[in-house]
Amino acid sequence: MRRVSRIAIASLATATLAVTASACGSSSSESAGSGDKSKGVALAYDVGGKGDQSFNDAATAGMEKAATDFDTGSKAIEPQDGESDADKVQRLEQLAKEGYNPVIGVGFAYAPAVKEAAKKYPKVTFGIVDDNTIKADNVADLVFHEEQSSYLAGVAAAKTTKSNVVGFIGGVDVPLIHKFEAGFEQGVKDTNPKVKVKSQYLTETAAEGGFSSPDKGQSAAEGQIDAGADVVYHAAGLSGQGVIKAVAAHKVWAIGVDSDQYNQSALAKYKKYILTSALKNVQGQVYDLAKSVIKDKKPQSGEIRGSLENGGVGLADSNPVFKNDKDLQAALEKAEQGIKDGSIKVNAS
């Protein structure tokens, strides 16, 4: 049986992602890579930073593979507590001034900073993950249909639950995370209307630690489990580690996010309780942007959106319990095909 699509993180078979760029391959003298040798790809992290076993680590993996494959340097800078947009601008400009190209802001909070820095350094290609509001010849907006993979996560949760109660925990109450919640709830309800979804956001703003506080994630998950949830899906960055810890302690199921959390070394002792993860190929998009600048000399720009159709989002199938459940896999395959052919319209809010 063909299983629901799993992003090929290891192989980085991401050429199809480039096809989705709305303005890919600019090579004017105002674009990066037009003759100047890049020092390598650079990342500016948002909250959570390296080591979240999720979003930021996926970007790091793409940066490191690009540096190896293209024989260049690389650099990543961690965020500071309570920093302003001006601090982010300074970080991006520092990396551009040092000769890194492309320079990528990891997270939607970088939008104002990327917009400003891109104007000052028109020959450098900037990328931003999870924002598509910047319209500039030297900016690539790296975004995803998170609602599609979240719908599949909802199907998996509805097919797996024994209590008919499942949970969703979002890190911060913002439109991006609403996409995860909306897709998940729709997937659950379309699969089994009797299943109740308990949803919770950890904080109103990122500054309050919604993406960077495992203790908050653990407390929220324990509350949902106490209320009957036996499958909990998180979209909470580093805070998701606390969700997974709580789930494992109660021997129920977690659904991870962004990276294949079943295979993350820091989560190894909890892996048997990680049913699957809703993936988005941040690694591949970072790698492809670096390739377009450093090797191809035709920098990507405009919106580049990962979907089920192009392999930019999907579900991980590393857990044998998930992989070998024929009924679940059949349901996921049917749902995936419905999304691809348009017979299933997934809500994004």
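**Helices, sheets and spaces**

H2 passes H9 in a right-handed crossing. The model is a predicted one. Helix H2 spans residues 55–70 and helix H9 spans residues 282–294. Their axes lie 7 Å apart, at an angle of about 35°. On the H2 side, the contact includes Phe55, Ala58, Ala59, Gly62, Met63 and Phe70. On the H9 side, the residues include Val282, Val286, Tyr287, Ala290 and Ile294. By class, the contact of H2 with H9 counts twelve nonpolar, two polar and three charged residues.

H2 also has a sheet to lie on. The helix lies across S1, S2, S3 and strand S4 (126–129), and runs at about 165° to S1. These strands belong to an open sheet of six, ordered S2-S1-S3-S4-S5-S11, with parallel pairing. Which strands stand at the edges? They are strand S2 (73–77) and strand S11 (302–306). Each has a single partner strand, so one side of each is left without a neighbour in the sheet. From one strand to the next, the twist averages 20°.

Look inside this sheet at one pair. Strand S1 (residues 40–45) and strand S3 (residues 103–106) run parallel and are joined by four bridges. Ala44 has Gly105 in S3 as its bridge partner. Two backbone details belong to the loops here. Asn101 and Pro102 are joined by a cis peptide bond, with omega about 10°. Pro102 lies in the loop between helix H3 (85–97) and S3. Asp130 lies in the loop between S4 and strand S5 (139–144). Its phi is near 75°, a positive value in a residue other than glycine.

Another open sheet of six strands has the order S7-S6-S8-S9-S10-S12, and its pairing is mixed. Strand S7 (196–203) and strand S12 (313–315) stand at its edges. Each of them has a single partner strand, so one side of each has no neighbour in the sheet. The twist averages 15° from one strand to the next. Strand S6 (residues 165–172) pairs with S7 in the parallel sense, over seven bridges. Gly170 has Tyr201 in S7 as its bridge partner. Helix H5 (residues 146–160) lies across S6, strand S8 (231–235), S9, strand S10 (274–280) and S12. H5 runs at about 15° to S12.

Next come the spaces. How many cavities of 30 Å³ or more does a search of the whole structure find? The search finds one. About 230 Å³ of space lies in the largest cavity. It is lined by 21 residues, and the closest to its centre are Phe55, Asp130, Phe211, Gly237 and Asp258. Phe55 is also one of the H2 residues in the contact with H9. Asp130 is also the residue with the positive phi. H2, helix H6 (175–191) and strand S9 (253–258) each supply at least two residues of this lining. H6 gives the largest share, three residues. By class, the cavity lining has twelve nonpolar, four polar and five charged residues.

The largest pocket has a volume of about 430 Å³. It too is described by its lining: of 21 residues, the closest to the centre are Asp46, Val47, Gly82, Ala206 and Ala207. The residues of the pocket lining divide into nine nonpolar, six polar and six charged.

Methods: Residues are numbered from 1 along each chain as its sequence is written. This is a predicted model: local features need pLDDT of at least 70, side-chain atom pairs count only at pLDDT 80 or more; totals for chains, interfaces and linings use all residues. Side-chain values use heavy atoms; hydrogens and water are left out. Axes are lines fitted to C-alpha atoms, for helices over the stretch in contact, and angles run from 0 to 180 degrees between N-to-C directions. A crossing is left-handed if the near helix is turned anticlockwise from the far one by less than a right angle, and right-handed if clockwise. Contact means heavy atoms within 4.5 Å. Ala, Val, Leu, Ile, Met, Phe, Trp, Tyr, Cys and Pro count as nonpolar, Asp, Glu, Lys and Arg as charged, and the others, Gly among them, as polar. Two strands pair if DSSP finds at least two bridges between them. On a 1 Å grid over the protein atoms alone, a cavity is a set of points where a 1.4 Å probe fits but cannot get out, and a pocket is an open set with protein on both sides within 12 Å along at least five of seven lines; lining residues have an atom within 4 Å of a point. Grid points are joined across faces, edges and corners, and a volume is the space filled by probe spheres set on the points.
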